[in-house]
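Below are a few notes to read alongside the coordinates.

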Amino acid sequence: MKKLVILIILSIVCSLFIGSIESVDTSKFKTCKDSHFCKRNRVSHEVGVMNEMKSKQNFNVLEDSVKLVKEENTIYFDLQEQNEKSNVLTMKLQIYEGGIVRMRAQEKEPLLNKQRYHVQDVLLDTIKTVPIQWKQEPSKQSNTFSFKHGEKECCYVLVQLVPFKLDVYIMNELAITTNNDNLFHFEPISDKPQPLPPKEKKPEEIKEGEDENKEGGQDNNEEEQQPQINTEGYWEERFGSHQDSKPNGPMSIGMDFTFVGSSHVYGIPEHTTRLALKSTTGNGINEQPYRLYNLDVFEYEIDKTMALYGHVPLMISHDTKKTVGVFWLNAAETFVDIEDVNTPVSPSKKTHWISESGIIDVFYLTGPSPSTIFKQYAYLTGTTALPQMFSLGYHQCKWNYKSEDEVKQVDSGFDEHHIPYDVIWLDIEHTDGKRYFTWDNNNFPTPADMQNIIGTKHRKMVTIVDPHIKRDNNYYIHSEATSKGYYVKNKDGNDYDGWCWPGSSSYLDFTNPEIRKWWATQFGYDKYKGSTPNLYIWNDMNEPSVFNGPEVSMHKDAKHYGGFEHRDVHNLYGYYYHMASADGLVQRNADQNDRPFVLSRAFYAGSQRIGAIWTGDNSAQWSHLEISNPMLLSMNLAGITFSGADVGGFFGNPDAELFTRWYQAGAFQPFFRGHAHLDSRRREPWLFDEPYTTIVREAIVKRYSYLPLWYTTFYQNTLNGAPVMRPLWVQYPKEANLFDVDDEYLIGDSLLVKPVTQQSCKTMKVLLPGKSVNEIWYDVDTEKPINAGLIEIDTPLEKIPVYQRGGSIIAKKERVRRSTYQMKDDPYTIRVALDSSKSAQGQLYVDDEHSFDYKKGKFLYRQFTFKDNVLSYSDASNKSSTYKSNVTIEKIVILGVEKPHSITCNIAGKEKLSFEYDSTLSKLTIRKPDLLVDTDFIIKLN
């Protein structure tokens, strides 16, 4: 009977997620008004309205406390709250290589029995502080002091003592001001106050007619005259049926940062608003602040600031003079308000950051260019892990391919329809009763054989492994985790028990390094029975998702490693889980020389070092196709470059047109996977009638032809942190008309893409940037040159608007194969697009496409340069390389060139090259030069 009740409850809970849903039920998720710490700190901008929950704090620097400790490259000083003298903070200021400024603050004398969480394992171990040089030393005669953050006198930090304010100057102009609106808020951790016993009055003190039993036994007129702060939510809080015990009480922090002279800010993914973040308050605007709190939000709504699956607390400001950023290193629930304000200099963007717990830990990225910002952020948190080549191909997924026969059928379908693909995915139904690392023996009796069959075509398989562990004593993962005490605990110290796909589930505490190491061992071939080197992993539901928890997640008062609460580490949970899974894939091989592929839904700053990310449970709607580009651009700006959206939409059933347009868009996004819900119809690329199958095939084939460009661009990210998919303003930072553009973008610095995202679109306008520098663009289909500016084009169903930038050189592979591996030894086609000065340059990266040997120098990074009618090819790495390749260049196409009399080459046996010339396109084609990609050469057009 008990099991029956459990099954009934589980079916009801799961039906909320499996059933047909019009859109997300927003009542299940908090806004600022539902979170007491946000309500306490958020400023009301309506005239005459007071925030009854806000206690005003004014912090001043204690003058005699300012000191520079040269041995630590650190400036220390104390901050005291003006109205609460016991609230004293210690602030540390440091400068890191590259001119990055760091500011940290916490209690000077914290309680011994309580602690604040400092984010761990996100910053690289390699970051280093540099010596600080005073620009103006502290003195009793001045209310300020300053120090340089770069080599030049014009780049410095100015600190005001009373009231505290910190300003960052770039090129002698104010760029970022901190606490300009005095929103610095720091609730000191305290013990819960105990109610005072009533004070008894002596009989002679009781006046005639006075109630002897009056509360406190005394006249409270004096107390009533003091301002009363509403303390609701300080020591416990409810949301729906869930109660948060809040044993540490109020401990929120807040700060305002104003980006001076800027009208555009970007970043803080993941949200469904446009690329340029919208204002949430001020000037009559009454939006909810952007929320950063990883949550399982299925079929999310568009143009909302509500939290989604992952978050990076990085905001970038850009204007025609500079690019700067703020990185708020905090893993607790965070809200960010954005407001347009006027400063004495110019219009600016004010932002207000509020976090529930943790310390104030802020990095100022001083730029001043977009490329410098990306280098600075990568210096702190790392670059994207270089993907294996197969992972840049097409992935086919469905919840769920239900048997080995179905897998074989789908795999064969790609061959029958001559469509390349690299990976087939299995969702939760492949397991034995949602026990991860197991197989359903009825439907998947020979999993290793199944993987080997698709492996003969050099294709891969991915299986899902979620963080919730089925509470079944006969399940080896659960029994071992229980015996070792590896689960997150509830507030009472028992193993946390929540509901997810398996029913009653517990959650491993991945914040504990010992548990991460143990989890990594579970991917060993001896433990994950039926797995092979051809199998890779998908981490879903790792926000974490708890069906019967508050906001479909874990209770904030759950307990983690080190005594910290879940509220402190929430946004890191999925990050740590992703990390442990990727480590497991590396360690399962004896040589540990296979780059892991693990897709994660949850993410945080630094997730780029681990693996790929996708935008979660979108819907088969045109609006979701359209918003995928701004969402992915935001993620790329915040370092999450290997990212994509479910092609076709996870929920619902796209019609043929939407299906086709989504494949065309996905083919030019970093991670390319088709995926669909359990109740959605099958989604293989050939299931619609012609002409749709042919057009989808062409889109996928086009993706494969550009894989050398994708691979090279991902390698370049490892060098400079630049986005793989980037907004136009990154390449053209002074063209203000580009700052709001998010329906078109660049791949690297070479290709401009504007996917068709509107239904029945027959024509569209395309903005080709670079008018100020006389840029030329070439339509990749017609090869016709077009000057920069706004153009209108026809967009029949087969058209994907893609343009190569004049001045770029890209490598392609144009032979159609079944998978990326079969393309490995195929020759390259080099496409040279000349700019208005008849020059161009580009790069090509080559390695073995799967191992870590590139870190040992086994790679080629080569430079193409065309200038003065000479095409040269040489090393671009400045590193000695032992890598050899027999791959050749079979064709060179040069666009925008005059016809030469002859073409010569400096390689023996290739001295004279034959060519064709199309005068209508000014197009030169050199066929069969057969030049090796590991050998320098010079080709002259005479």
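1. I started at Asn 717, whose side chain reaches the backbone oxygen of Ala 722 at 2.8 Å. A polar contact here is a pair of N or O atoms within 3.5 Å; within protein, one must be able to donate a hydrogen and the other to accept it, and residues adjacent in sequence count only if both atoms are side-chain atoms.

2. Before going on, please keep in mind that this is a predicted model, where local features need pLDDT of at least 70, side-chain atom pairs count only at pLDDT 80 or more, and totals for chains, interfaces and linings use all residues. Residues are numbered from 1 along each chain as its sequence is written, and side-chain values use heavy atoms, with hydrogens and water left out.

3. Is Asn 717 buried or exposed? Asn 717 has a relative accessible area of 2%, so it is buried (buried is under 20%, exposed over 50%, partly exposed in between, with a 1.4 Å probe and protein chains only). Not counting residues up to four places away in sequence, Asn 717 touches Thr 383, Thr 384, Thr 641 and Ala 722 (contact means heavy atoms within 4.5 Å).

4. Asn 717 belongs to helix α14 (helices are DSSP runs of H or I with at least four residues, strands are E runs of at least two, and both are numbered from the N terminus). The axes of α14 (residues 707-720) and α13 (residues 692-705) come within 5 Å and cross at roughly 50 degrees. That angle makes α13 oblique to α14 (under 35 degrees is roughly parallel, over 145 roughly antiparallel, 65 to 115 roughly perpendicular, and the rest oblique).

5. Which residues meet between these two helices? Arg 703, Tyr 704 and Ser 705 of α13 meet Leu 707, Pro 708 and Trp 710 of α14. The residues of this contact divide into four nonpolar, one polar and one charged.

6. On the cysteines, a search of the whole structure finds one disulfide (a pair of cysteine sulfur atoms within 2.5 Å). The disulfide joins Cys 32 to Cys 38, with 2.0 Å from S to S. The link is left-handed, with -100 degrees about the S-S bond. Cys 32 and Cys 38 are both buried. Cys 500 also counts as buried, because its relative accessibility is 0%.

7. Lastly, Gln 621 sits in the loop between β32 (612-614) and α11 (622-637). With a relative accessible area of 32%, Gln 621 is partly exposed. Leaving aside neighbours within four places in sequence, Gln 621 is in contact with Glu 299, Leu 658 and Trp 662.

Technical notes
Axes are lines fitted to C-alpha atoms, for helices over the stretch in contact, and angles run from 0 to 180 degrees between N-to-C directions. Ala, Val, Leu, Ile, Met, Phe, Trp, Tyr, Cys and Pro count as nonpolar, Asp, Glu, Lys and Arg as charged, and the others, Gly among them, as polar.
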